[in-house]
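Here is a short briefing to read with the structure open beside you. Take a moment to look the model over before going on.

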Amino acid sequence: MNAKKPAPQVPDCKEQLIAIKDTMILLSGKWKIQIIGWLLLYGKVRFMDMLRGIEGIAAKMLSKELQELEQNEIVSRTVMNTKPTTVEYALTEHGKTLSGVIDAISAWGVTHRKFLFKKES
């Protein structure tokens with residue numbers, strides 16, 4: 001009586017779904033998109049300036065997220081020969097290709113906030 005239904009046919013978009021999954025893993029978490037956005041806006045940025053500018057992030061978390069972005073060749077790290085040591089971060093050329101994604105997220109966020117606050121009035 002409980003005959004199993006056949007599994008739905010998966011369209012030929014597996015490559016796209018894998019790419020979406022890969023992107024979500026790379027950009028996951030609360031901070032990575034904000035860090036990339038910060039670097040898109042300000043270019044080369046010192047660690048402490050980014051720490052002061054990204055509200056709520058701890059130094060340990062910023063360091064961890066930057067390391068992951070560096071491993072994925074999204075961010076480059078330059079150690080300056082200064083006392084004390086200064087470290088600058090910038091987007092790589094590959095990292096700059098995320099500009100359209102970040103712009104789209106930002107634009108959607110602005111529209112969404114307007115939509116939500118319009119509903120409250």
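The notes below cover a strand and its partners, and then a pair of helices. Please keep in mind that this is a predicted model. Strand S3 spans residues 86–91, and six of its six residues are buried, so the strand is largely enclosed by the rest of the structure. Helices H2 and H4 pack at an angle of about 75 degrees.

**The two sides of strand S3**
- In a regular strand, side chains alternate between the two faces of the sheet.
- Thr86, Glu88 and Ala90 point one way from S3, while Val87, Tyr89 and Leu91 point the other way.
- Residues on both sides are buried, Glu88 and Tyr89 among them.

**Partners of strand S3**
- Strand S2 (residues 75–80) runs antiparallel to S3, and six bridges join the two.
- A hairpin of five residues leads from S2 to S3.
- Strand S1 (residues 45–46) is also antiparallel to S3, joined to it by two bridges.
- Tyrosine 89 in S3 is the bridge partner of valine 45, and arginine 77 stands opposite tyrosine 89 too.

**Helices H2 and H4**
- H2 covers residues 32–42 and H4 covers residues 59–71, with their axes 10 Å apart.
- An angle from 65 to 115 degrees counts as roughly perpendicular, and H2 and H4 are therefore roughly perpendicular to each other.
- On the H2 side, Lys32, Ile35 and Ile36 meet Leu62, Glu65, Leu66, Glu68 and Leu69 of H4.
- By class, this contact of H2 with H4 has five nonpolar residues, three charged ones and no polar ones.

Conventions: Residues are numbered from 1 along each chain as its sequence is written. This is a predicted model: local features need pLDDT of at least 70, side-chain atom pairs count only at pLDDT 80 or more; totals for chains, interfaces and linings use all residues. Side-chain values use heavy atoms; hydrogens and water are left out. Buried means under 20% relative accessible area, exposed over 50%, partly exposed in between (1.4 Å probe, protein chains only). Helices (H or I, at least four residues) and strands (E, at least two) are DSSP runs, numbered from the N terminus. Two strands pair if DSSP finds at least two bridges between them. Axes are lines fitted to C-alpha atoms, for helices over the stretch in contact, and angles run from 0 to 180 degrees between N-to-C directions. Angles under 35 degrees count as roughly parallel, over 145 as roughly antiparallel, 65 to 115 as roughly perpendicular and the rest as oblique. Contact means heavy atoms within 4.5 Å. Ala, Val, Leu, Ile, Met, Phe, Trp, Tyr, Cys and Pro count as nonpolar, Asp, Glu, Lys and Arg as charged, and the others, Gly among them, as polar.
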